[in-house]
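This report describes one protein chain for a reader who is new to structural analysis.

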Amino acid sequence: MAEADGEEATLEFTPTWIVAAVCSLIVLISLLAERFLHYLGKTFKRKNQKPLYEAILKVKEELMLLGFISLLLTVFQGKIQETCIRRSWTLHMLPCEREEEGPAAPTTEHFGTTSQIIGRIGRRLLSEGAAGGVEICKQKGKVPLMSLEAIHQLHIFIFVLAITHVVFSVLTMLLGGAKIHRWKQWEDAIQKDTAENGPKKVTVVHNSEFIRKHFKGLGKDSRILSWLQSFFKQFYGSVGKSDYTTMRLGFIMTHCRGNLKFDFHKYMLRVLESDFKKVVGISWYLWVFVVIFLLLNVNGWHTYFWISFIPLLLLLSVGTKLEHVIAQLAQDVAEKHSAIEGDLIVKPSDDHFWFGRPRIVLFLIHFILFQNAFEIAFFFWILTTYGFSSCIMGKVVFIVPRLVIGVIIQLLCSYSTLPLYAIVTQMGSSYKKEIFNEHVQQGVLGWAQKVKMKKGFKKSNTVNGSTSTAESAGPSVKIEMMKRGNDAGETIE
């Protein structure tokens, strides 16, 4: 009997105390993780931080998806083993060059080396069924579609990728948020100056610090030099006090003119927290990219070295574009006015953004963070699974630049691009619902839903030629929002 020789024992020949101990440990770790997320969510909810609470729910969704993927891989690994393909099909598009083998040599591994493997216990879950699948394919003169070892390694990689993405997203938001919180002192100073209500001064536009930084100089007379100036500006002092003060006033005078004491900093943080729940998730199109990247990981192509430049180039493009939006705001004012009464006011507009949609920037940041997490996760997964000298790891000359690029992306995105995104994307033509506090949002949305339901009821009972409720609902909604906004101290015009 194989079990008596200390070989792979099935559950029926495993001591019950071992089964109970292992099961208890797994359940305990799972419960601790679940309770931690639950407690964190309750803390955010108690502090009225709904966006962060929803981000925790998003993390739970991702963990549930990982659990479902894990279940599918475990249940169907026997079927995958029994799926046989021609031996010649396994000789193309390999991550590592296969060594020459004799005709009788078994081919069950799809990667170069099998040493230094962590977690071999996981591959034994259905070992007997897997062995049966190998024998079935051998009898047909074929090989299994995927070896049990390869399925287990893919299983681990997907888990590592998802966890790395969540960790990197949280790290980016924490570092970027720390810098944005420093702007609070600027907001407090502005609030204090607004309370004094001194006489209006005449501002010479071209002497304004905001104009001097973004319009005068090399980029004034050349479009190319203007873009170059924006490119280098993202690396140092991306947002200064004059930038914050001017863009804040532009937002207020466009969207809430009647409330000069509007807390722009608090609004900006609420928007950033709301966007975080989108960034922390892994959307379907990101999984498509994962499949494409895994497909292109062919020996000799150095795919992961080349694709490591994609998030870096995108990040530099996003930072340059956001800086150029500020330059365009300065240019619009400088070309129209020589002197104005009061402070400098810019005019927010969607026309300054790609395709007139500021939300595209969030999509790109989401992809950049995921792609960077993919690069780092793949490196550490290969390091712990196959070792640094493995053929799938690649040459050192390709590994070091990938790691350096990953660190640069993480730091630049956290300390420059994310703060830029937080303030510059508010320079669009519209405001977001986070302009209201949580209670006002719920009240307005609930009231609007009632109006919509009433509209549908009236429409179903209206004869042809009568007036639709929708035509009169728009102004009513705006009036109600203004009333509720005034109650919260945040007026919308």
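Lys 184 and Asp 188 both belong to helix H5 (residues 184–196), where they stand four residues apart, about one turn of the helix. The model examined here is a predicted one. In it, the side chains of Lys 184 and Asp 188 meet in a salt bridge, with a distance of 3.6 Å from N to O. Lys 184 is partly exposed, because its relative accessible area of 30% falls between the limits of 20% and 50%. Asp 188 is likewise partly exposed, with a relative accessible area of 41%.

**Salt bridges**

Side chains of opposite charge can pair when their charged atoms come close. The structure holds six salt bridges, and three of these pairs are set out below.

| Pair | N to O distance | Location |
|---|---|---|
| Lys 184 and Asp 188 | 3.6 Å | both in helix H5 |
| Arg 248 and Glu 187 | 3.2 Å | helix H8 and helix H5 |
| Arg 359 and Asp 275 | 3.2 Å | helix H13 and helix H9 |

The side chains of Arg 248 and Glu 187 meet in a salt bridge. This pair links distant parts of the chain, as Arg 248 lies in helix H8 (residues 241–255) and Glu 187 in helix H5, 61 residues apart. Both Arg 248 and Glu 187 are buried.

Arg 359 forms a salt bridge with Asp 275. Arg 359 is in helix H13 and Asp 275 is in helix H9 (residues 264–279), so the pair ties together parts that are 84 residues apart in sequence. Arg 359 is partly exposed, with a relative accessible area of 33%, whereas Asp 275 counts as buried at 2% relative accessibility. Salt bridges that share partners also join Lys 184, Asp 188 and Asp 263 into one network.

**Cysteines and the disulfide**

How many disulfides does a search of the whole structure find? The search finds one disulfide. Cys 84 and Cys 137 form this link, with their sulfur atoms 2.0 Å apart. Cys 84 lies in strand S1 (residues 84–85) and Cys 137 in helix H3 (residues 127–139), so the link ties together parts that are 53 residues apart in sequence. The angle about the S-S bond is -85°, and the link of Cys 84 and Cys 137 is left-handed.

Is Cys 84 buried or exposed? At 17% relative accessibility, Cys 84 counts as buried, because buried means under 20%. Cys 137 is also buried, with a relative accessible area of 0%. Two further cysteines may be described in the same terms: Cys 23 is partly exposed, at 46% relative accessible area, while Cys 256 is buried, at 1%.

**Helix H1**

Helix H1 (residues 16–46) has 31 residues, which at 1.5 Å a residue should span 45 Å. The end C-alpha atoms of H1 are 44 Å apart, which agrees with that expectation. The buried residues of H1 are Leu 37, Gly 41, Thr 43 and Phe 44. Just after H1, Asn 48 takes a positive phi of about 60°.

**A buried leucine and an exposed leucine**

Where is Leu 344 found? Leu 344 is in the loop between strand S4 (339–341) and helix H13 (359–385). Leu 344 is buried, with a relative accessible area of 6%. Not counting residues up to four places away in sequence, Leu 344 touches Val 205, Ser 208, Phe 210, Ile 211, Thr 246, Leu 249 and Val 333. The C-alpha atoms of Leu 344 and Ala 330 are 9.6 Å apart in space, and the two residues are 14 residues apart in sequence.

Leu 295, by contrast, is exposed, because its relative accessible area of 52% is over 50%. Leu 295 is found in helix H10 (residues 284–295). Together with Met 93, Trp 284, Val 288, Ile 292, Leu 296 and Trp 301, Leu 295 forms a nonpolar patch on the surface. The accessible area of this patch is about 730 Å².

**The chain as a whole**

The chain has 16 helices and four strands. Buried residues make up 43% of its 493 residues. Among contacts with a separation of 6 or more, 82% are between residues 24 or more positions apart. The accessible surface of the chain comes to about 27,300 Å², and 63% of that surface belongs to carbon and sulfur atoms.

Definitions and conventions:
Residues are numbered from 1 along each chain as its sequence is written. This is a predicted model: local features need pLDDT of at least 70, side-chain atom pairs count only at pLDDT 80 or more; totals for chains, interfaces and linings use all residues. Side-chain values use heavy atoms; hydrogens and water are left out. Helices (H or I, at least four residues) and strands (E, at least two) are DSSP runs, numbered from the N terminus. Buried means under 20% relative accessible area, exposed over 50%, partly exposed in between (1.4 Å probe, protein chains only). Contact means heavy atoms within 4.5 Å. Patches are made of residues with over 30% relative accessible area and no salt bridge: like charges are joined within 9 Å, nonpolar side chains (Val, Leu, Ile, Met, Phe, Trp, Tyr) within 5 Å. Accessible areas come from the Shrake-Rupley method with a 1.4 Å probe; for residues, only the protein chains shown count as cover. A salt bridge is a side-chain nitrogen of Lys or Arg within 4 Å of a carboxyl oxygen of Asp or Glu. The expected span of a helix is 1.5 Å times one less than its number of residues. A disulfide is a pair of cysteine sulfur atoms within 2.5 Å.
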